Amino acid sequence: MPFTPPAVDEVIAALCERHGAMETSVYRGQARIVVPEALSLEALEFLKRSGFDLLVDVTCVDYLDYRGATSRYGLVYLLSNTATNQRLTVRVFVDDPDPTVRSVVSLWEGANWLEREVWDLFGIRFTGHPDLRRLVMPEEFTAHPLRKDYPLQGRGERHNFPVITRDHS
Amino acid sequence: MSIVSPEFDVPTSGPAAGARSEDYLWTLNFGPQHPATHTTLRLVLKLEGERVVDALPEMGYLHSGFEKIGEHLTFNQYVTVTDRMNYISPMANNVAWHHAVEALLGIDLTPRCTYIRTIIAELARISDHLLCNGAVGLDTGAFTFFLYGFYQREVIYDIFETLCGARFTNSYTRVGGVAQDFTPLVIEKIRGFLKTFPKTLDDMERLLTRNRIFVDRTKGVGVLTKEEAVNRSATGPVARASGVTRDLRKDEPYLAYADLDFNVCCATAGDCYARYLVRMQEMRESLKLVRQALENLPAGPVNVGIDQRTALPTKQQVYSTIEGTISHFELSMSNRGFEVPSAESYAAIEAPNGELGFYVVGDGGESAYRARCRPPSVLHFAMFPHLIRGHTLSDVVAVLGSLNIIAAELDR
């Protein structure tokens, strides 16, 4: 039987009491809460103070052609409590044009590169990020390749990359 | 450790007038092709003499769009790509990927399968730690130690070759099971390894653990405190060497770890030497785990039953039962496959490097809508400038080696 992490009802109740009701759900024992974009930083700060001290991951899903989706991008913050082993998934939904969310680098230093990767591959801007540059793609790259409207085989950007020779390096 | 940069005598007149002391820093480009990076990554170091003032890590040289490919390959096909993410311990990546997929689909594995996966994951951990510690030794001048470690990796490769035919990129797991069951020869080979390896491990510890040169080069270098380790999302041996007691095998027991007896290895110093010690000790704990799991290996089927409609039935079932035949054909047809809920889930295992998890989004189709890999190496590489500031250039390789950066996992 798979392990089920401890329930997080109390923290969610405290968060909702503070910032108003939010949509919550549980899938196979994994608790999830949808936080409005305007409250994302405050809510995550509250969760950090409530014991969720480890930011496991920051990532994003592009719901361009997902059945029943209302917003285009859904950011995923995976939090964990190192003392009680509770886990919580925080979702923040943003939309085109100019999807923007506030950076959490001020709370967790570990978010730095994770947010850079989301900016690089999804084009979601993190305001307040100290160094929002591309992480894995080259700087000349213009697209955000993990978006669903970007083709699997690329658009031939590689042909336009500058070639650095020994004399011009 | 804070560094105090000595004030230069900056002339007030002449051509060098108004120069700042930063202007005298050296910039050194380290990588992307360098024997001590071991993989393809780049560091731009700012040096003041031999002291590192700042470092700028850069990655992306091996970016191959693995997560994009994950949206186009089926759940069983993608396991071949996870091999390539961490070529030091591909078996652990296989287990992590299908662990996440099975969490999404809600599949309960058979007891035999959980034990088999535990054994191979722990063997992968031993081989990963052997290479990581061996490389730290190699970079700090202990070549013999590296060869001792690499010889034992060879023995583990042999076990995996007997098990699944591949030495390096194993692709051993399947949704709901594994590719092949353990044969008596595999069990015999693992038993042989369990017998010979502790002796080699003793030899390795005698070679390096109290070696004056090695201890001087690693003790007090690249110190990470407990608070910083948590704040910077460190996991695995890197976090445990700083005093974080988090180990998913204990904290969220998956597979067969709840039945087995082992200790979580921790240290408090948080330096390169502590990371080395934690890895050395974890190999002994892994041996304990493999031994227990192998002696208590449950009998019975290795894959989930036909009713789950995910793992291929055995050939005997295909040829002698109608359910087996139907299931075999349905799983082989491109428009049938197995049913995937429109839901999202995250599941992680304690990989040799740290928490390796996959955030899998299903949309009802036979491949994932999004297959995000949570790579431990990225977060460890991100804190490299923090660890190296104030140390000397020769410490760069010691810190880099002790973090065990795998570039393919960095870039994906």
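1. Glu282(B) touches Arg125(B), His129(B), Pro237(B) and Cys265(B), leaving aside residues up to four places away in sequence. The model discussed here is a predicted one. Glu282(B) sits in helix α11 of chain B, which spans residues 272–295.

2. Is Glu282(B) buried or exposed? Glu282(B) counts as buried, because 24 C-beta neighbours lie inside 10 Å and the cut-off for a buried residue is 20 or more.

3. The next point concerns a pair of helices in chain B. Two packed helices are described by the angle between their axes and the distance between the axes. Helix α4 (residues 111–139) of chain B and helix α5 (residues 143–164) of chain B pack with their axes 8 Å apart, at an angle of about 160 degrees. α4(B) is therefore roughly antiparallel to α5(B), since angles over 145 degrees are classed in this way. The crossing of α4(B) and α5(B) is left-handed.

4. On the side of α4(B), the residues making this contact include Leu123(B), Ile126(B), Leu130(B) and Leu131(B). On the side of α5(B), they include Phe143(B), Phe145(B), Phe146(B), Phe150(B) and Arg153(B). By class, the residues of the contact of α4(B) with α5(B) are twelve nonpolar, six polar and one charged.

5. Chain B also contains an open sheet of three strands in the order β6-β7-β8, with antiparallel pairing. β6 (344–351) and β8 (370–374) of chain B are at the edges with a single partner strand each, so one side of each has no neighbour in the sheet. From one strand to the next, the twist averages 15 degrees.

6. Strand β7 (residues 354–361) of chain B is joined to β8(B) by five bridges, the two strands running antiparallel. Tyr359(B) stands opposite Arg372(B) in β8(B). Helix α3 (residues 90–105) of chain B packs on the sheet and touches β6 and β7 of chain B. The direction of this helix makes about 40 degrees with that of β7(B).

Terms used:
Residues numbered from 1 in each chain as written. Chains lettered and ligands numbered in written order. Predicted model: local features only at pLDDT ≥ 70, side-chain atom pairs only at ≥ 80, totals over all residues. Axes fitted to C-alpha atoms, helices over the stretch in contact; angles between N-to-C directions. Helix = DSSP H or I, 4+ residues; strand = E, 2+ residues; numbered from the N terminus. Parallel < 35°, antiparallel > 145°, perpendicular 65-115°, else oblique. Left-handed = near helix turned anticlockwise from the far one by under 90°. Contact = placed C-beta atoms within 7 Å. Nonpolar A, V, L, I, M, F, W, Y, C, P; charged D, E, K, R; others polar. Pairing = 2+ DSSP bridges. Buried ≥ 20, exposed ≤ 12 C-beta atoms within 10 Å, placed from the backbone.
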